[in-house]
Each structure stands twice: as C-alpha cells, then as structure tokens.
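The tour moves from one selection to the next.

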Amino acid sequence: MVEQFAGTWTLASSENFDEYMKAVGMGFATRQMGNITKPNLVIQVGADGLISMKAESTFKTTEIKFKLDEEFDETTVDGRNVKSTFTLENGKLLQKQCWDGKTSTLERVIQEGKLIAKCVMDDVVAVRTYEKAA
C-alpha cells in the first residue's frame with residue numbers, strides 16, 4: 001500500500017506553513033527559507049521494506065530511511081533531534097515526531113493523483129500539496 005507514495009513529487013501549493021514552522025520552534029531565517037523553497041519529495045520503497053524519503057531543494061537536501069512501525073532518530077531540516085515513527089493507516093502515511101515533550105504529526109495521503117501533506121502541531125495545521133513529476 002505504501003507503494004502508491006513512491007515517485008518524485010513537486011510542491012505545488014503550501015497553506016499556513018509559516019505558522020506550522022513557528023509552532024514547532026523554527027527560527028526566523030529557517031522559516032524564510034522554508035517559505036520560499038519549493039522542494040521535490042522523492043519517495044522510494046525497497047524490496048526489504050526500507051523506505052527512503054528525500055526532500056531536495058536548492059537550499060538543502062535531506063533524506064530519511066525508515067521501516068513502518070519502527071521508531072528511529074531523525075534530525076529535522078532545522079536541526080531538531082526527534083524520535084520519528086511512520087505508520088500506514090487507512091491509506092494514509094502517518095509520521096509522528098516527538099522531542100522535548102512535544103509532538104507533531106505529518107499525515108500524507110494520495111488524493112486525485114496528488115500527495116497531500118497535512119502538518120499538525122497543537123492547534124496549528126498546514127497543508128502542502130505535491131504533484132507527481134512527469
């Protein structure tokens with residue numbers, strides 16, 4: 001089921017992302033870069049169940065590798081050290097990040113051929129829409 005997420009996705013729109021970045025504690029300069037950067041999201045699924053998710057932009061490229069339902073250490077693009085866990089529920093790829101007593105969730109779903117990423121921190125919700133690259 002996770003295979004539907006595989007491919008290269010280009011950011012098409014972003015709503016309320018600055019507020020989300022503020023909510024997770026990103027500094028001003030990082031938020032400025034986050035607001036102007038239009039990353040490509042490259043998702044690959046290995047035969048062994050290892051999933052690679054790479055965010056590529058002119059500003060920075062980050063990559064995480066993980067297996068579903070297994071917690072791992074992740075350093076976020078803004079340098080936070082978090083414990084991340086990915087699960088697949090009802091066709092949604094859910095990511096939970098925990099650090100310093102805080103929790104953020106990222107919900108990714110395929111709708112009408114687009115990858116919709118909903119980023120949630122407390123009562124702040126950002127929605128980023130990606131289109132599959134040709």
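Which residues in H1 meet which residues in H2? Keep the question in mind while you set up the view; note that this is a predicted model.

**Stop 1: the whole chain.** Show the protein as a cartoon. Two helices and ten strands make up its secondary structure. Followed from the N terminus, the order of elements is β-α-α-β-β-β-β-β-β-β-β-β. The radius of gyration is 14 Å, close to the 14 Å that the globule rule gives for 134 residues, so the protein is as compact as a globular protein of that length.

Stop 2: Select residues 17–24 for helix H1 and residues 28–36 for helix H2. Their axes come within 10 Å and cross at roughly 150°. Angles over 145 degrees count as roughly antiparallel, so H1 is roughly antiparallel to H2. The crossing of the pair is right-handed.

**Stop 3: the contact.** Now show side chains to answer the opening question. From H1, select Phe 17, Asp 18, Met 21 and Lys 22; they meet Arg 31, Gly 34 and Asn 35 of H2. By type, the residues of this contact divide into two nonpolar, two polar and three charged.

**Stop 4: an annotated span.** Select residues 7–24, which UniProt lists, in an unreviewed entry, for "domain: Cytosolic fatty-acid binding proteins". In the model, the span is 44% helix and 50% strand. Between the C-alpha atoms at the ends of residues 7–24, the distance is 28 Å.

Methods: Residues numbered from 1 in each chain as written. Predicted model: local features only at pLDDT ≥ 70, side-chain atom pairs only at ≥ 80, totals over all residues. Heavy atoms only, no water. UniProt positions renumbered as here; feature names shortened; annotations may be inferred. Helix = DSSP H or I, 4+ residues; strand = E, 2+ residues; numbered from the N terminus. Axes fitted to C-alpha atoms, helices over the stretch in contact; angles between N-to-C directions. Parallel < 35°, antiparallel > 145°, perpendicular 65-115°, else oblique. Left-handed = near helix turned anticlockwise from the far one by under 90°. Contact = heavy atoms within 4.5 Å. Nonpolar A, V, L, I, M, F, W, Y, C, P; charged D, E, K, R; others polar. Rg over C-alpha atoms; globule rule 2.2 N^0.38 Å.
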